[in-house]
Amino acid sequence: MEPTAAEVAETHQIPVAPVKQDNVRNLRPQIVGPDVPESPYPIALLGPVQKGFGRGGKDLGCPTANLPDDSITPISTVATTGVYYGFAQILPPEGVEGFEKDDLEVLPMVMSLGWNPFYKNERLTAEIHILHPFKRDFYGFEMRALVLGYIRPELDYTTLEALIEDIETDKKVALNCLERPGYQKYKRDPQFVLIEPNL
């Protein structure tokens with residue numbers, strides 16, 4: 001059995017990820033996993049959003065919300081490094097301005113768990129990209145996430161363009177997977193705070 005991300009991190013040796021081969025770029029499935037989440041999913045994550053490396057939005061067109069190290073234990077101890085999908089919600093403190101009602105909903109997300117080999121990170125991180133156009137940042141705000149499935153292993157890339165292409169495919173795969181009824185019901189999971197519709 002492949003070691004979990006936490007087990008790899010305990011060795012204090014950064015793993016070497018396979019390099020993505022150009023000839024398999026267009027062969028990825030557009031939907032992955034079973035029709036309903038299977039063990040160890042769902043995996044609940046919770047914590048304040050931290051500042052990351054700042055390159056998700058700047059370099060990749062994919063801004064990410066980073067969770068503190070101690071908040072990723074529920075997934076790092078049961079799962080390998082790679083790309084995952086699920087739902088997430090941002091809960092700003094009361095009175096904070098700049099959020100619309102749809103910013104507070106339970107939204108689809110894609111998550112990277114690992115060392116981001118293209119950027120040669122030196123520690124294990126979990127970076128969540130919520131598939132929604134927020135108009136403001138939410139550093140320090142509470143984020144709740146429910147990881148529901150696995151998309152692919154962590155890879156290294158020879159070019160930034162190849163990495164961006166895979167990220168864009170990851171987003172589409174996540175949305176396709178989450179459209180299934182067996183996943184949609186998790187938008188109402190007790191992990192999340194349901195936003196009442198305006199009367």
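This is a predicted model: local features need pLDDT of at least 70, side-chain atom pairs count only at pLDDT 80 or more; totals for chains, interfaces and linings use all residues.
Biologist: What makes β3 and strand β4 (residues 107-114) a pair?

Modeller: Two strands pair if DSSP finds at least two bridges between them. β3 and β4 are joined by seven bridges in the antiparallel sense, so they pass that definition. Residues are numbered from 1 along each chain as its sequence is written, and side-chain values use heavy atoms, with hydrogens and water left out.

Biologist: Which sense do β3 and strand β6 (residues 142-152) run in, and how many bridges join them?

Modeller: β3 and β6 run antiparallel, with nine bridges. Gln89 has Arg144 in β6 as its bridge partner. β6 is also joined to β1 by six antiparallel bridges, and there Gly47 stands opposite Met143.

Biologist: What makes something a helix or a strand here, and how many are there?

Modeller: Both are DSSP runs, numbered from the N terminus: helices (H or I) have at least four residues and strands (E) at least two. The protein has five helices and six strands, in the order α-β-α-β-α-β-β-β-β-α-α from the N terminus.

Biologist: Why is Thr81 called buried?

Modeller: Buried means under 20% relative accessible area (1.4 Å probe, protein chains only). Thr81 has 17%, so the word applies. Thr81 is found in the loop between α3 (73-76) and β3 (82-91). Leaving aside neighbours within four places in sequence, its contacts (heavy atoms within 4.5 Å) include Ala5, Trp115, Leu124 and Tyr150.

Biologist: What makes β3 mostly covered?

Modeller: Ten of the ten residues of β3 are buried. β1, in turn, has a covered face of Ile43, Leu45 and Gly47 and an uncovered one of Ala44, Leu46 and Pro48. Of the 199 residues of the protein, 49% count as buried.

Biologist: How do you know which residues touch the most other members of the largest nonpolar core?

Modeller: A nonpolar core is a set of buried Ala, Val, Leu, Ile, Met, Phe, Trp, Tyr and Cys residues joined through side-chain atoms within 4.5 Å. The largest core has 30 residues, and Met111 is among those that touch the most other members, as are Ile75, Ile90 and Val147. Elements giving two or more residues to this core include α1 (5-10), β1 (43-48) and β5 (125-130). β4 supplies the largest share, four residues. A second, separate core has 17 residues, including Val32 and Tyr183.

Biologist: Which residues is Met111 in contact with, apart from its neighbours within four places in sequence?

Modeller: Among them are Leu45, Ile75, Tyr84, Ile128 and Val147. In the protein, 79% of contacts between residues at least 6 apart in sequence join residues at least 24 apart.

Biologist: Which residues lie nearest the centre of the largest pocket?

Modeller: Pro63, Thr64, Phe134, Arg136 and Phe138 do, out of 14 lining residues. On a 1 Å grid, a pocket is an open set of points where a 1.4 Å probe fits, with protein on both sides within 12 Å along at least five of seven lines; lining residues have an atom within 4 Å of a point. The largest pocket has a volume of about 250 Å³. β5 gives the largest share of its lining, three residues.

Key
Buried means under 20% relative accessible area, exposed over 50%, partly exposed in between (1.4 Å probe, protein chains only). Grid points are joined across faces, edges and corners, and a volume is the space filled by probe spheres set on the points.
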